[in-house]
Amino acid sequence: MTNSLHKAIAAAGLLLCTTGIATYANAEQIKIPIGQQTAAQSAQMPAKGMTKARVQAVFGEPLEITPAKGQPPISSWKYSEFVVYFENDHVIHSVAIFKPQQDQAAPTE
């Protein structure tokens with residue numbers, strides 16, 4: 001092969017590599033913080049420290065109850081909009097259930 005052919009092949013290879021890198025570098029990456037991934041909370045969630053009796057009195061019967069496991073015993077109650085985690089008889093955390101945007105609002109036609 002001639003020297004000019006080697007240069008042409010090297011230039012073509014370099015062009016392909018830089019085009020691929022430029023395409024990758026220009027890809028848009030959208031990051032949404034976990035707390036903003038659901039629509040604004042219309043319903044309140046149980047606060048840390050509430051008892052099971054208080055949660056049930058305020059929010060009603062849960063849809064699903066997961067029995068306590070481990071030490072300390074951790075259980076959970078699932079509602080339509082959130083899940084409540086208990087240590088023994090007290091709330092330790094409440095988590096909103098993620099619903100994709102198209103599921104949150106009925107389509108208007």
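Trainee: Is S76 buried or exposed?
Mentor: S76 counts as buried, because its relative accessibility is 11% and the cut-off for buried is under 20%. Please keep in mind that this is a predicted model.

Trainee: Where is S76 placed?
Mentor: S76 belongs to strand β2.

Trainee: And which residues does S76 touch?
Mentor: Leaving aside residues up to four places away in sequence, S76 touches E64, I65, T66, V83, V84 and Y85.

Trainee: What order do the strands of the sheet take?
Mentor: The order is β1-β2-β3-β4, in an open sheet of four strands with antiparallel pairing.

Trainee: Which strands stand at the edges?
Mentor: Those are β1, residues 64–69, and β4, residues 90–96. Each has a single partner strand, so one side of each has no neighbour in the sheet.

Trainee: How are neighbouring strands turned against each other?
Mentor: On average they are turned by 15°, with direction ignored.

Trainee: Back to β2. How many bridges join β1 to β2?
Mentor: Four bridges join this antiparallel pair. Among the paired residues, I65 has W77 in β2 as its bridge partner.

Trainee: Which residue in β3 is the bridge partner of W77?
Mentor: That partner is V84. Strand β2 covers residues 74–78 and β3 covers residues 82–87; five bridges join the two, and they run antiparallel.

Trainee: What about the connections? How many residues lie between β1 and β2 in their hairpin?
Mentor: There are four residues between them, and G70 in the turn has a positive phi of about 80°. The hairpin from β2 to β3 passes through three residues.

Trainee: Where is the cis peptide bond?
Mentor: The cis bond joins Q71 and P72, with omega at about 5°. P72 is located in the loop between β1 and β2.

Trainee: Which residue has a positive phi although it is not a glycine?
Mentor: That residue is N88, whose phi is about 55°. N88 sits in the loop between β3 and β4.

Trainee: How exposed is N88?
Mentor: N88 is partly exposed, with a relative accessible area of 45%.

Trainee: One last topic, the helix. Which strands does α2 lie across?
Mentor: Helix α2, residues 52–59, lies across β2, β3 and β4. The helix runs at about 5° to β2, the strand that also holds S76.

Definitions and conventions
Residues are numbered from 1 along each chain as its sequence is written. This is a predicted model: local features need pLDDT of at least 70, side-chain atom pairs count only at pLDDT 80 or more; totals for chains, interfaces and linings use all residues. Side-chain values use heavy atoms; hydrogens and water are left out. Two strands pair if DSSP finds at least two bridges between them. Axes are lines fitted to C-alpha atoms, for helices over the stretch in contact, and angles run from 0 to 180 degrees between N-to-C directions. Contact means heavy atoms within 4.5 Å. Buried means under 20% relative accessible area, exposed over 50%, partly exposed in between (1.4 Å probe, protein chains only).
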